[in-house]
Amino acid sequence: MIELLDLKKNYNSVEAVRGVTLNVEAGETFALLGPNGAGKTTVINILCTLLRASSGVAKVNSFDCTVNPEGVRKSIGLVFQEVTLDNELTAYENLKFHCYLYNMDSALTEARITEMLGVVGLLDKAKDLVKTFSGGMKRRLEIVRGLLHRPKVLFLDEPTLGLDPQTRSRVWEFIAELKAKEGSTVFMTTHYMDEAEVCDRIAVIDNGKIIACDSPAALKSSLKGDTVYLRTGEDAKARIELKEKFLLEVKDTENGLAFIVEKGAEFIPVLFKELSVPVLSVSVKRPTLDDVFLHLTGKEIRDSKQVEKNNRRGRS
Amino acid sequence: MTTRAVYVIVLREFKRFFRQRGRFVTTLARPLIWLFIVGAGFTKIIDESEHGSYMQFILPGIIGMTILFSSVFSTISVVWDREFGFLREMLVAPISRLTIVVGKLISGTILSLFQGLALMIVAPFLGIEIGVLQIFWMAILISLVAFSLTAFGLFIAARLTSLEGFNVIMNFIVLPMFFLSGALYPIDTLPDPLRWLTHLNPLTYGVDSFKHVLLKGGETLGPEFSLLTDVLVVSTFALVMTFFSAKAFEKS
């Protein structure tokens, strides 16, 4: 459904995208994950024909983004980072405007608008001006608008940016529900790890290059193992035993010890058997995408979030 | 280019116009303030028996001002849309850039036409006789002038990325255009450099064409070019500006 072949984009002398090759299958939910400035939005903008690639091939629904932008635009729906609704129009009018722009069959639009507003729980707000809406309501309306013309591919560029955690999870419920109903391919960018985890496949992008591309489970299993957190009656003694008996590298944490083993769950019974000090608590943490990202890029994705916040403040 | 897309872009501009009460009231009040306050003031210092009625003389100019402001400021919606993101909704839709330009041109022109024609209601109170024929001709001329000015505004708006920039540029262009259009005083009486500028100002010819319809010829306070010259200059300006604004949008 989406094909990228050695895609490159330069802004003057800055290389924003440096040779990206990707294939997204029809019906897939695909996430492009990376810190700010990694090139995520540039890739999306090229795919939705707002930007021209410097070199390489970008195809959506087998239309070439440079040769046949019209064909691409007919095949896609978009939800941008920033709000792109008209505040002076009602929710219904915003959707109606969209139907006309996409030249949808007017006999079908009314039912379609009602149906879609119903899914995201905005039916009773249809006649309200969008400027009276909360951030979460606007997002839901935009997502519905992006799907209104039944696009083959829905692009979501940081769809939950700036929303509180509760609203974020609601928005994700709606996206999942709509996707199940419409069967569109979803291509999104995000730097929220937990959001990327619901995808079929994830590509990690850093400095304009794809550094990993696989399913969330496969990416996680590429890490060596699980982290075990241990609290004992005598931490100092426990550490020596762990080092001597299991040859583990043990780290001190705020309350107790931590170490990495290949299969955490299977290790715990062995631990109880061999350890002579009393165990107060033990927990095993499966690797998260945060760990994967850290492992691949040497950067924590949270750091980049912080950078972005600072940038915002600087701008405003 | 699809007609439905053009239609809905025009419809949106109309809805926005009528929903912004402040904008609606300003566009109606501004010309009346100029007409009755400025007009009444100048009337006192002009020998009307020799030159003709000043209030009558400035009506075409005030109509010209109204459509100048209305047309040019209607294009602020492009800058507005860019700033608030809505432009992207249109740019990624399967419609051409030309469709957006045409939609904005039509909406700007029609909104100006209504405001220009609405002002003709005061004509009888100023002693100007108005019939169906005058209204017909004014409608055509106003549409032409409004179209050219909207295209001009679009050409500028396509390059601007902030509302502040729009206000600065518009005030440095729109106000001089109005004052140097023969709207408030006859061009012939101006000092040379200013007179040359008025000859370069397309609005001058627009206002002059209105004078042909609304004023009796022959007096000092009357039209100064031939109607044919007026229509040719405004039409040329309209064509050139449409071409350039379409070009500017193609790039953005």
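Student: How many helices and strands does chain B have?

Tutor: In this predicted model, chain B has 12 helices and zero strands. Its pattern along the sequence accordingly reads α-α-α-α-α-α-α-α-α-α-α-α.

Student: What radius of gyration does chain B have, and what would a compact globule have?

Tutor: Chain B has a radius of gyration of 18 Å.

Student: What does the C-alpha trace of chain B span along its principal axes?

Tutor: The trace spans about 60 × 35 × 35 Å.

Student: And what percentage of the residues in chain B is buried?

Tutor: Buried residues account for 51% of the 252 residues in chain B. As for contacts, among those in chain B with a separation of 6 or more, 78% are between residues 24 or more positions apart.

Student: What is the accessible surface of chain B, and how much belongs to carbon and sulfur atoms?

Tutor: The accessible surface of chain B is about 11,100 Å², and carbon and sulfur atoms contribute 71% of it.

Student: Which residues form the nonpolar patch on the surface?

Tutor: The patch consists of B:Phe18, B:Phe24, B:Val25 and B:Leu28, which together have about 350 Å² of accessible area. Helix α2 of chain B, residues 21–43, supplies the largest share, namely three residues.

Student: Where does B:Val25 lie, and is it buried or exposed?

Tutor: B:Val25 lies in helix α2 of chain B. Its relative accessibility is 53%, so B:Val25 counts as exposed, the cut-off for that class being over 50%.

Student: Turning to chain A, why is strand β3 described as largely enclosed?

Tutor: Strand β3 of chain A covers residues 29–33, and five of its five residues are buried; therefore the rest of the structure largely encloses the strand.

Student: Which residues are on each side of β3(A)?

Tutor: A:Thr29, A:Ala31 and A:Leu33 are on one side, with A:Phe30 and A:Leu32 on the other.

Student: How many bridges join β3(A) to β8 of chain A?

Tutor: Five bridges join β3(A) to strand β8, residues 185–190 of chain A, and the two run parallel. Within this pairing, A:Leu32 stands opposite A:Thr189 of β8(A).

Student: What about β9 of chain A: how many bridges, and in which sense does it pair with β3(A)?

Tutor: Strand β9, residues 201–206 of chain A, pairs with β3(A) in the parallel sense over four bridges. Here A:Leu33 is opposite A:Val204 of β9(A).

Definitions and conventions:
Residues numbered from 1 in each chain as written. Chains lettered and ligands numbered in written order. Predicted model: local features only at pLDDT ≥ 70, side-chain atom pairs only at ≥ 80, totals over all residues. Heavy atoms only, no water. Patch = residues over 30% accessible without salt bridge, like charges linked within 9 Å, V, L, I, M, F, W, Y side chains within 5 Å. Areas by Shrake-Rupley, 256 points an atom, 1.4 Å probe, with all protein chains shown as cover. Salt bridge = Lys/Arg side-chain N within 4 Å of Asp/Glu carboxyl O. Buried < 20%, exposed > 50% of the residue type's maximum accessible area, 1.4 Å probe, protein only. Pairing = 2+ DSSP bridges. Rg over C-alpha atoms; globule rule 2.2 N^0.38 Å. Contact = heavy atoms within 4.5 Å.
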